[in-house]
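The entries follow in the order in which I made them.

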Amino acid sequence: MDYRLGRLHARFGVVLLLQFGLLFGLVAFDRGRDMRLLLEITGVVIPLFAVAVVTHRKRDRRVAVILAAAAMLFSGGALSGVRPGGGDLGPLLAVLFSAFATWKMLTGIVRSQRVTGDVLAGALATYIMAGLAFAVVYGVIAGRRPDAFVTNTAAPASFPDLVYFSFVTLLTIGFGDVTPAAPFARAVVLVEGLFGVAFTTVVMAALVAGYLRHREREGGG
C-alpha cells in the first residue's frame, strides 16, 4: 500500500488549519472578491495541497499537477489570465480536481489499517474537502446561471454565500437563507445532502468504532 499513514496523517492538522482558515476567510471577509478567483483558490490550491499530503504515489501526484495546471491555464482569469482558444474549461476542471482530491483523501482514510486519532483528523479533513468541492460545483453553476441560487434578500448568491450554503447542506441544517432556484442546482443539493448523511452515519461511525476498539486493545495490552 502506497499510503504512508504513519507520516502523512500527522500533516492532516496542517490541512485542517488551512481549510478552517479558508472557510472563515471566505464566509466572513471575501464578499467583495471576484467569484472566479475564489473558485480557483478553493478548487485548485487547496486540493493540490491536500493531494500532496494524502498520497506519495507519483501517478496520483502527477494527475493532481496536470489537473491543477489545466484548471489554471483554462481559467481565463484570476490565476493565469489566459484563455486558450477562447474556452472556459477552467471552472469545470476545478470541479474535477476537487472531486479527485476528495476521493483520494477518502480512499486514503478508508484504507487505513489502524484507526487512530490522526485518521479521524483525516476523515474530518475529507468531510471539509467534500463541502468545498460542492461549493466549487455551486460556483460553476452560479457562474453560468447567476439566478441559480438566491439569498433571503432575493439577490443572487455570491461565492462566499455558496460556501456557507454548501456546509449548511452538508451538515443538514437548512436555515433557508440561501436557496437553490434552478432545477439542476436543486439536484446537486440533494446529492450533497445524501453524501453528508452517508458520510457521518457510515464512514465516521465506522471510523469512530474502529478507533474505540483500537484504544481498548491498547489499554488491554
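I take helices to be DSSP runs of H or I with at least four residues, numbered from the N terminus. The model under study is predicted.

Entry on aromatic pairs. I looked up how many aromatic pairs the structure holds, and the count is 7. One of them joins Tyr 127 and Phe 199, with 5.3 Å centre to centre and 35 degrees between the planes, a tilted arrangement. I then placed the two residues: Tyr 127 lies in helix H6 (residues 117-144) and Phe 199 in helix H8 (residues 183-220). They are 72 residues apart, and the pair thus links distant parts of the chain. I noted both Tyr 127 and Phe 199 as buried.

Phe 134 and Tyr 138 are each buried.

Entry on the cluster. I followed the ring pairs and found that they link Tyr 127, Phe 134, Tyr 138, Phe 149, Phe 165, Phe 195 and Phe 199 into a cluster.

Entry on helix H5. Why should H5 (residues 90-110) span 30 Å? Its 21 residues at 1.5 Å a residue give that expectation, and the end C-alpha atoms are 30 Å apart, which agrees. I also checked its burial: H5 is mostly covered, with 15 of its 21 residues buried.

Notes:
Residues numbered from 1 in each chain as written. Predicted model: local features only at pLDDT ≥ 70, side-chain atom pairs only at ≥ 80, totals over all residues. Heavy atoms only, no water. Expected span 1.5 Å × (residues − 1). Buried < 20%, exposed > 50% of the residue type's maximum accessible area, 1.4 Å probe, protein only. Phe/Tyr/Trp six-rings, centres within 6.5 Å; stacked < 30°, edge-to-face > 60°.
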